[in-house]
Structures are given as structure tokens and as C-alpha cells.
Amino acid sequence: MQFNVSQLLQESIGSTRAYEINEAAEIIGDGKEYNIKGNCHLLRTPRSILVKCKLTTAVELSCSRCLGSFHQPLKIAFEEEYLPTVDVNSGALLPEPEEPSAFTIDEHHVLDLTEGVRQYALIAIPMKALCDENCAGLCPKCGQNLNQGKCDCPAENIDPRWSRLAGLR
Ligand SMILES: [Zn+2]
Ligand SMILES: [Zn+2]
């Protein structure tokens, strides 16, 4: 997900490039590479390159209910400005961007999307990951994964004093 934008930086404001992405990258810090597909559009602005990406991938997560691992499809869409760090014509260093978190284009005019994709992938991950909306979860008593079948625990855990009252009714 790296593009050399030296040419684009020398073109007039409003010039564009479009790239198709189809590559594997490590994006959620779990040591695994996931295939990322989609497209990115680059636009030369007076001070930067404005990048718009629409990407999809599927990452392996563990279900918050049954703890099983599953593949969560993710849509990673973002729009970010990438600021050059050197002047493309003179090679002179440019002042550092005022925003410390700004994305930058390196001194070789390489615009690397990886960090942006990583940040937006993390945002796209649901807070409460579920392998399935109807995931049955684990039995609170024996810990069996109830998606794989019922356990032998009694269906309901009624306090015996209440069950006697229930019987009277
Ligand atoms: Zn689950
Ligand atoms: Zn059980």
C-alpha cells in the first residue's frame, strides 16, 4: 500500500490518480496478515495529497460471548490528507506539519497507506464482537460452547425455596 507520488506532486492542483488495492498486510496488531481489497483515489491539493480509500477485509476476532474465533468482515473507508516532508522540486525539507498526528509522505515521495489503514481498521472493529447475532454463548456453569450443542446442566437454576413455592401454585 505504498505509492510513489513524486510525479503527482509535480502536477497541477486537482490532478488525480486511482489505485486498486489487493494485498495482504498486518493491520490489527495480532501478527496476522489479512487481504485488503478496494480502491484509493489521490488528489493533488495546494499543500498535500488528499487520499480517499474504500477498502474491505475480514479479520479474525474472538467472539465476546462464546470466545470462539471467527472472521469479521470490515469496511475501511477514510479520507485523509498526506503532507509532503520535502519539496518535490528543490528537495528542501519542508516545515513539520502543525498537527503532530498528520500523515506524511516520506523524503522519497512515497505515500504509505499502511498506518492509515491500520488506524481506520481498528475503528471499524465492533466493540462487542459476536460470531453470530444469535450466538448461544457458553454455559455459565460448565463452560460448554452452547453453539456446539447443549450441555447436561439443568435448564434453569431455580433456588429450591422458590421451587417449593412454585409447586404450591
Ligand atoms: Zn460466539
Ligand atoms: Zn453446562
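Here is a quick look at a zinc site and a nonpolar core in a predicted model.

Local features here need pLDDT of at least 70 and side-chain atom pairs pLDDT 80 or more, while totals for chains, interfaces and linings use all residues. Residues count from 1 along each chain, chains are lettered from A and ligands numbered from 1 as written, and side-chain values use heavy atoms, leaving out hydrogens and water.

**The zinc site**

Cys63, Cys66, Cys131 and Cys135 hold the zinc ion (ligand 1) through their SG atoms at 2.3 Å; donors are N, O and S atoms within 2.8 Å of the metal (3.2 Å for Na, K and Ca). Along the chain, the donors are spaced C-x2-C-x64-C-x3-C. Cysteine 66 and cysteine 131 sit in separate loops, so the pair ties together parts that are 65 residues apart in sequence. Burial uses relative accessible area with a 1.4 Å probe and protein chains only: under 20% is buried, over 50% exposed, and in between partly exposed.

Helices (H or I, at least four residues) and strands (E, at least two) are DSSP runs, numbered from the N terminus.

**The core**

The largest nonpolar core has 36 residues, and those touching the most other members include Val5, Ile27 and Leu111. Such a core joins buried Ala, Val, Leu, Ile, Met, Phe, Trp, Tyr and Cys residues through side-chain atoms within 4.5 Å. S4 gives the most to this core, with six residues.
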